[in-house]
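Please keep the sequence and the 3D view open while working through the points.

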Amino acid sequence: MSNNSLASRPTSALAAPDAAIKALAAGAATLDRIESVKLSSITLPLKNPISDAKVLTGRQKPMTEVAFLFAEIRTEQGHEGIGFSYSKRAGGPAQFAHAKEIAPVLIGEDPNDIAKIWTKLVWAGASVGRSGVATQAIAAVDIALWDLKAKRAGLPIAKLLGSHRDSVQTYNTSGGFLHTPIEQVLENASASLASGIGGIKIKVGQPDWKQDIARLEKVREHLGDEVPLMVDANQQWDRPTAMRMGRIFDKFNLIWIEEPLDAYDAEGHAHLARSLDTSIATGEMLASVGEHVRLIEAGAVDIIQPDAPRIGGITQFLKLATLAEQKHLQLAPHFAMEIHLHLAAVYPYEPWVEHFDWLDPLFNEHLEIRDGRMHLSDRPGLGFTLSDQARAWTVGTAEFGK
Ligand SMILES: [Mg+2]
């Protein structure tokens, strides 16, 4: 028998796991405890069916609704936090089901120990992995805990974390989808700019690339040269098409070309980033920090586009932001401006926040937009409460604790 065998180890080494578990228990520094958790599955209907290039290439059906998972957490001392995650087209019921299975482990935890709780929730559902639906179920809880902590401090989340700015430049996406006729896209762009939004993004990636160019020419002509303009191909080009389109698009003075390739093609994106004048943006489809690391290490992006609910919440977003800062990347988080305004405000290099008004009916409060920028409010936490309309759209709830 070798000296390394279990039988020859001293008793103290065998006892180490017990000691490690005891060290995780709450001690004298614990301030409060989670008393109850309420999970809600809410279906938000969209006014019109939405199509990007994934629909035109036949991979997806037009989107008619967005599924939200809300977590509302309350503590023994009466503090409250709210957070959410979401899913488009499929996955909403799975996020809700996973959250229901793991939520009981929250009861009794100190809500301030967010990193510890994130890890505990991952381990509670470790069998289904550390990305995708599992991580997104945790995100709703994680964001609720940050909301709670910031409210307890009487600060907006951005101020709790330490902000670089009180407003972030913002661009509109919802006016430039592919189901929208070009005349309406131009009208939408004018209305966005008149409402104080600073930039315009339009969708491209149609099977007939000539239509993309025709639409882009009209939008650029309509906006003039000075208005920030972006395009988003939603992963629908192959490598040769992306290079050819990128070279044509270099003439349009774009802020970025978004998702030119499959979200997981780090090498292909890196080649584009090196070859084109226009910045390459991607990352919204990735479902964990680890997946983003591959992108960053490959030099695949100039502008990284993480989505906090998709990668596990604010705790994970902050880890990713640190890595992105080290590589001097720019930041333009995807969707969920209600969360990402705070996280963009704390990023050191001037970021962009994506404007979608889709979530407006879910909340009693609304973000202030003027002079091309979205402004932080002085409301503590995320700064949002659920509307009666959101309660009416609730399709399932589950409560744990008191
Ligand atoms: Mg996009």
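1. The structure is a predicted model, not one determined by experiment. The chain is divided into two domains: domain 1 covers residues 34-154 together with 391-401, and domain 2 covers residues 158-387. Between the C-alpha centres of domain 1 and domain 2 there is a distance of 23 Å.

2. How many residues of each domain are in contact with the other? On the side of domain 1 there are 38 residues, and these meet 31 residues of domain 2. Several elements of domain 1 give two or more residues to this side, namely the strands E1 (34-50), E2 (63-75) and E3 (80-88) and the helices H3 (53-56), H5 (114-124) and H6 (133-153). Helix H6 provides the largest share, with twelve residues. By type, the residues on the side of domain 1 that touches domain 2 comprise 21 nonpolar, nine polar and eight charged.

3. A pair of helices also deserves attention. Helix H8 (residues 182-194) and helix H9 (residues 209-223) have axes that come within 10 Å and cross at roughly 30 degrees. The crossing of H8 with H9 is right-handed. From H8, the residues Ile182, Val185, Leu186 and Ala189 take part in the contact, and they meet Arg215, Lys218, Val219, His222 and Leu223 of H9. The residues of this contact divide into six nonpolar, one polar and two charged.

4. An unreviewed UniProt entry places the feature "binding site" at Asp52, Ala53, Lys54, Lys88, Arg89, Lys201, Asn234 and Glu354.

5. Asp52 is located in the loop between E1 and H3. Is Asp52 buried or exposed? Asp52 counts as buried because it has 25 C-beta neighbours inside 10 Å, and 20 or more are needed for that class. Leaving out residues up to four places away in sequence, Asp52 touches Phe177, Leu178, Lys203 and Asn234.

6. Arg89 is in the loop between E3 and helix H4 (92-102). Because it has 14 C-beta neighbours inside 10 Å, Arg89 counts as partly exposed. When neighbours within four places in sequence are left aside, Arg89 is in contact with Gln60 and Met63.

7. The feature "binding site" is also placed by UniProt, in an unreviewed entry, at Asp232, Glu258 and Glu284. Why can these residues be said to gather at one spot? They span 53 residues in sequence, yet no two of their C-alpha atoms are more than 11.4 Å apart, so they gather at one spot.

8. Asp232 belongs to strand E6 (residues 229-232). Asp232 is classed as buried because 27 C-beta neighbours lie inside 10 Å. Apart from residues up to four places away in sequence, Asp232 touches Lys201, Lys203, Val204, Glu258 and Glu259.

9. Glu284 is found in the loop between strand E8 (280-282) and helix H12 (289-297). Glu284 is buried, because 22 other C-beta atoms lie within 10 Å. With neighbours within four places in sequence left aside, Glu284 is in contact with Gln305, Asp307 and His334.

Note on methods. Residues are numbered from 1 along each chain as its sequence is written. This is a predicted model: local features need pLDDT of at least 70, side-chain atom pairs count only at pLDDT 80 or more; totals for chains, interfaces and linings use all residues. Domain bounds come from an automatic or database domain assignment. Two residues are in contact if their C-beta atoms, placed from the backbone, lie within 7 Å. Helices (H or I, at least four residues) and strands (E, at least two) are DSSP runs, numbered from the N terminus. Ala, Val, Leu, Ile, Met, Phe, Trp, Tyr, Cys and Pro count as nonpolar, Asp, Glu, Lys and Arg as charged, and the others, Gly among them, as polar. Axes are lines fitted to C-alpha atoms, for helices over the stretch in contact, and angles run from 0 to 180 degrees between N-to-C directions. A crossing is left-handed if the near helix is turned anticlockwise from the far one by less than a right angle, and right-handed if clockwise. UniProt positions are given in the numbering used here, feature names are shortened, and annotations may be inferred rather than shown by experiment. A residue is buried if 20 or more other C-beta atoms lie within 10 Å of its own, exposed if 12 or fewer, and partly exposed in between; C-beta atoms are placed from the backbone.
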